[in-house]
Protein chains: 2
Amino acid sequence: MGGTRATLTREAARALDAADPLRPFRDRFRLPPGVVYLDGNSLGPLPAIAVDRLLGVMEAEWGDGLIRSWSAAGWIDQPTRLGAKVARLVGADDEEVLVADSTSVNLFKLLAAALKAAPDRPVILTEAGNFPTDIYMAQGLAELMPGVEVRTVGRDSLASALDERVGVLLLTHVHYRTGEAFDMAAMTRAAHDHGALALWDLSHSAGAVPVELGAAGADLAVGCGYKFLNGGPGAPGFLYVARRLQARLRSPLAGWLGHAAPFDFADTYQPADGLKRFLCGTPPILGMAALEAGLDIMLDADRDALFAKSQALCDAFISAVEARCGGLGLELVTPRTGPRGAQVSFRHADGYPVMQALIAEGVIGDFRAPDVLRFGFPGLYLGFEDVWRAASALQQVLASGGWRDPAYSTRAAVT
Amino acid sequence: MGGTRATLTREAARALDAADPLRPFRDRFRLPPGVVYLDGNSLGPLPAIAVDRLLGVMEAEWGDGLIRSWSAAGWIDQPTRLGAKVARLVGADDEEVLVADSTSVNLFKLLAAALKAAPDRPVILTEAGNFPTDIYMAQGLAELMPGVEVRTVGRDSLASALDERVGVLLLTHVHYRTGEAFDMAAMTRAAHDHGALALWDLSHSAGAVPVELGAAGADLAVGCGYKFLNGGPGAPGFLYVARRLQARLRSPLAGWLGHAAPFDFADTYQPADGLKRFLCGTPPILGMAALEAGLDIMLDADRDALFAKSQALCDAFISAVEARCGGLGLELVTPRTGPRGAQVSFRHADGYPVMQALIAEGVIGDFRAPDVLRFGFPGLYLGFEDVWRAASALQQVLASGGWRDPAYSTRAAVT
């Protein structure tokens, strides 16, 4: 490992930030002073407007409006209204995305609906080392539906593992650990060539990189509200069903809000026309209000510029770390070029204590077992000086061996 | 229909309220002035402390703590910590209740887990006219699991419909429309006598009436956070699994947080020991903070006194309405005596416009198709003067025929 570019200086970083047209977006988040926050891919920071939004929902809508707010404040339409906002971030039509439940639950709904519709194709094909909940939900479904089988193969064997028994190709677009991205259009085409549907997990893509579900021909997708969409801890997830599939898929989680006429209180489930059939229980209004704050900020940004900037931050971080930390035990995991997310991962044999020490220095990334240091670079609120500070702190921690000192971890644990 | 007691006067109602030791709890909610809120069984009112709690979670925990709050602020333990609080309200042990997902999703998890564990008993027996989501979720599961069958029979035929094919007796403890309550212990015993498990939906019971899951021998239960628990719109639901069953039941929604070691990121699902295996996705922290505010208020109250007061309010409302509204087309639906919830329903041929007119008068109840006016009487924040005002308004609306005037509905629709 070695640096291939000139080291980023603090002055150069500041100059880049000063010239950045996206810079004002940083002020729309409440970032704690002194912290370089590189874990927005686990939990995005607090949008300043989210606080007032929540207060308004609580005091005016819940407090004063009470039950009337389901119609008067439009609560009942939140899943479709917010879904339409997410749709604009993932290249879908308004009527193709719903905000509801968690990513995991949404995944179950779509997997089950797809397999149920194609009983002669009982195999879910996915990547070994995919994000665990994706694999686990598929395994849980396989225990429930006789004959259903989860086939996990290495990334490079996916295309050859497609056959006429595969009903769903389930892939995470940007890998949570490595940041490597699939070519969504190519893999979707491969699935279609074998008669399978493609279900994409966008948890590390939506709001991080360009996603064009419609143009890629994607069939189904799910994603997460609390990472790059900055929707708050445990924000609701989302789901996408291409319009052409909506009428023939049915969610097994046949909750009352997915009924064609929920307020008729009939004894027999009749799915709503269109996407609403994928609703289940009552929408979490407080969580949705916070998520909408995050979505609104992102929708204000020039997303081409935003995604380009995130990539530039990743490049700058890789260069700076390689220039400063050569010989200190780091190995780049994320692709140096080519399709990837807005995140950079390095392997280090002592990744866990190194990350704890780094957090104690005010640079918050995260650790993914067994040995990965992961750093997220959402261009919406980060700049090049953050890159400089993070690389400097990483160098200092590694070069000093400070991470071997338990006091670091102790400090980290209480901050 | 006719009154059997002296009409409640406003003065008498005020005297009862003045002598009520629970009266101070009313001030712990932000009730809009001039409104008599009798729909807390659909959406409980805003606890005053919920606003500060949410602000604290947003600003200090999310804003400043960021990802660190999953451990430092105990977010990761919210499902079990809040579950233990709910447990105290439903007669369960701390380690038997989780707060997670929605009531509907929790129902699916438990139904599927129970049926999977007893493949020779593929029938879900439930009541015709049960709350729709209960029936629909069972129907959705039946479409997924071959052989599973949903048997719906009238309330009086439930006991005789139990046979050796029934795996789960699924009942809502307090009926959402009529308020009638089952004898939980007796029906659970009947289920057990036939080798079935009893799954109770406590949506209209928890926080409304005494519930003793443990003493009743109940196997499984789910419930709602936003009704009598005052947890806010779309608050997370809860689930109960008797300790004796936890090791042998597995949730089909095998999400990563239900894994024995979620942060190992292994490729194979291994359920956690105990109740945590019923977790799925990431917990909705904002919704949970609001729910905890509601739970904490209720845990402060003398619940024997609270439940007795709620029943007294129901009795007083029935008496007052019968004394004032004789011959005006109302028919009592709720049991006059015997086990029932904290709610009173009357049938009226023009129930919908009558309720709209009543709402325009500032008395908020709700309408349940086709003809039911439903009024909730949670003793935590209502008093006898509210009963007097509601009965007076109902008399006025009915006697004047004002509900026939579309202007009423228009006013109601905009408030």
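Reader: How many residues does the contact take from chain A and from chain B?
Author: This is a predicted model. Residues count as in contact when their C-beta atoms, placed from the backbone, lie within 7 Å. By that cut-off, each side has its own count: chain A gives 74 residues and chain B gives 74 residues.

Reader: Which element gives the most to the side of chain A that touches chain B?
Author: Elements that each supply at least two residues there are α2 (48-65), α5 (103-117), α6 (132-144), α11 (285-300) and β12 (366-368) of chain A. The top contributor gives 10 residues. That element is α6(A).

Reader: How do the residues of that side of chain A divide by class?
Author: The side in question is the one that touches chain B.

Reader: Through which surface do the copies meet?
Author: Take the interface residues of chain A. 100% of them are also interface residues in chain B. So the copies meet through the same surface.

Reader: What distance separates the centres of domain 1 and domain 2 of chain A?
Author: Domain 1 of chain A covers 10-46 + 302-414, and domain 2 covers 74-300. Their centres are taken over C-alpha atoms. The separation is 30 Å.

Reader: Which element gives the most to the side of domain 1 of chain A that touches domain 2?
Author: In this contact, 24 residues of domain 1 of chain A meet 22 residues of domain 2 of chain A. On the domain 1 side, the elements giving two or more residues are α12 (303-324) and β10 (343-347) of chain A. By class, that side has 12 nonpolar, 9 polar and 3 charged residues. The most, 3 residues, comes from β10(A).

Reader: How do helices α1 and α14 of chain A pack, and why is α1(A) called roughly antiparallel to α14(A)?
Author: Helix α1 (residues 10-18) and helix α14 (residues 384-400) of chain A have axes 7 Å apart. Angles over 145 degrees count as roughly antiparallel. The packing angle is about 155°, which means that α1(A) is roughly antiparallel to α14(A).

Reader: Which residues of α14(A) make that contact with α1(A)?
Author: From α1(A) come A:R10, A:A13, A:R14, A:L16 and A:D17. By class, the contact has 5 nonpolar, no polar and 4 charged residues. From α14(A) come A:F384, A:E385, A:V387 and A:W388.

Key. Residues numbered from 1 in each chain as written. Chains lettered and ligands numbered in written order. Predicted model: local features only at pLDDT ≥ 70, side-chain atom pairs only at ≥ 80, totals over all residues. Axes fitted to C-alpha atoms, helices over the stretch in contact; angles between N-to-C directions. Helix = DSSP H or I, 4+ residues; strand = E, 2+ residues; numbered from the N terminus. Parallel < 35°, antiparallel > 145°, perpendicular 65-115°, else oblique. Contact = placed C-beta atoms within 7 Å. Nonpolar A, V, L, I, M, F, W, Y, C, P; charged D, E, K, R; others polar. Domains from an automatic or database assignment.
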